[in-house]
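Please keep the model open while reading.

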Amino acid sequence: MKIISDVLELKTYLKEQKGKVGFVPTMGALHDGHLSLIKRAKEESEFVIVSIFVNPTQFLAGEDFDKYPSRDEADKKICEVAGVDLLFLPQIEDIYGRDEVSLSAPNIRGYVLEGATRPGHFSGVLTVVNKLFNIVNPDLAYFGKKDAQQLNLITLMVKQLFMDITIVPVDTVRESDGLALSSRNIYLSKDERVEALKISKSLHEASILVSKNILEAELIMEKMLEILQPLDVGYVAILDREFNFIKSVEIGKSVILVEALVGDTRLLDNIWI
Ligand code: AMP
């Protein structure tokens, strides 16, 4: 596995590669969720690139940028074993200059839900993903459904900026008890981890209600909020796949999302129904 930090070196190296390039952007502390993106990329592309970059512009003041988990050596090993062809490990100075051209998240979709809790977060996400796309020039790029709003906004960016990149959504990987894998799960104490299960349980309950043909959004959200007690819930929302709020679940076309604070850790989860 080739490891490159320098942007120009990467671009030069990539010019010599042939075949479809599959790209998996990450912030490191890799787990099985990231691995399933890499596996999917391996299946569909001839050359797989993983980037690890903890992007400062997507963190708000007071968030966990400084203490975001980092496991450089373990991450390299995981990528190597997974058959990644190239690991891109840029430094902040490789990606950002002093006076930056800016890319903003859309005013509506970028500022609801996660974007309301973290205003400006998605501008940072889109800025870095745009830069990474320009550096790597992938044919396919893989993103987790777990970060549904991020996935939605990146898909929108690719469409609106006329990029020739196929965005591939990948299913959420969970622990056997239902907890969605996240690099931030390591912040959870034993007790908090038990509390955190209420998030996936609430989504499971929502799917049971839908299977019983109870489709009214308000009713489903009410039941979910009961299960989520006493967590500090940022939002529970039921949307269509274009991220519009809906009154009634339409099977095959809806997403149910939860964001909750468990201790000091903000956790996200969702199901696509
Ligand atoms: P991150 O390193 O948290 O920025 O995540 C990098 C990519 O992995 C994003 O596309 C995430 O949506 C995806 N991802 C994170 N957790 C999971 C998971 N549990 N299952 C599937 N994909 C995930």
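A polar backbone atom of glycine 144 lies 2.9 Å from an oxygen atom of the ligand. Methionine 27 also places a polar backbone atom 2.9 Å from a ligand oxygen. At valine 173, a polar backbone atom is 2.9 Å from a ligand nitrogen. Polar contacts here are pairs of N or O atoms within 3.5 Å.

The protein buries 93% of the 490 Å² that the ligand exposes when taken alone. Areas follow the Shrake-Rupley method with a 1.4 Å probe.

## The shell

The ligand has 17 residues around it; Met27, His34, Asp147, Val173 and Leu181 come nearest. A residue counts if one of its heavy atoms lies within 4 Å. H2 supplies the largest share, 3 residues. By class, the shell holds 7 nonpolar, 7 polar and 3 charged residues. Gly counts as polar in this scheme.

## Basis of the model

The model is predicted: local features need pLDDT of at least 70, side-chain atom pairs need 80 or more, and totals for chains, interfaces and linings use all residues. Numbering starts from 1 along each chain as its sequence is written, and side-chain values use heavy atoms, without hydrogens and water.

## Helix H3

Helices are DSSP runs (H or I) of at least four residues; strands (E) have at least two. In H3 (residues 72–82), Asp75, Cys79 and Ala82 are buried, meaning under 20% relative accessible area. These buried residues fall within an arc of 70° seen down the axis, so they line one face of the helix. The arc uses directions from the helix axis to the C-beta atoms.

On the other side, Glu73, Lys77 and Val81 are exposed, that is, over 50%. Glycine 83 follows H3, with a positive phi near 85°.

Terms used
Buried means under 20% relative accessible area, exposed over 50%, partly exposed in between (1.4 Å probe, protein chains only). A polar contact is a pair of N or O atoms within 3.5 Å; within protein, one must be able to donate a hydrogen and the other to accept it, and residues adjacent in sequence count only if both atoms are side-chain atoms.
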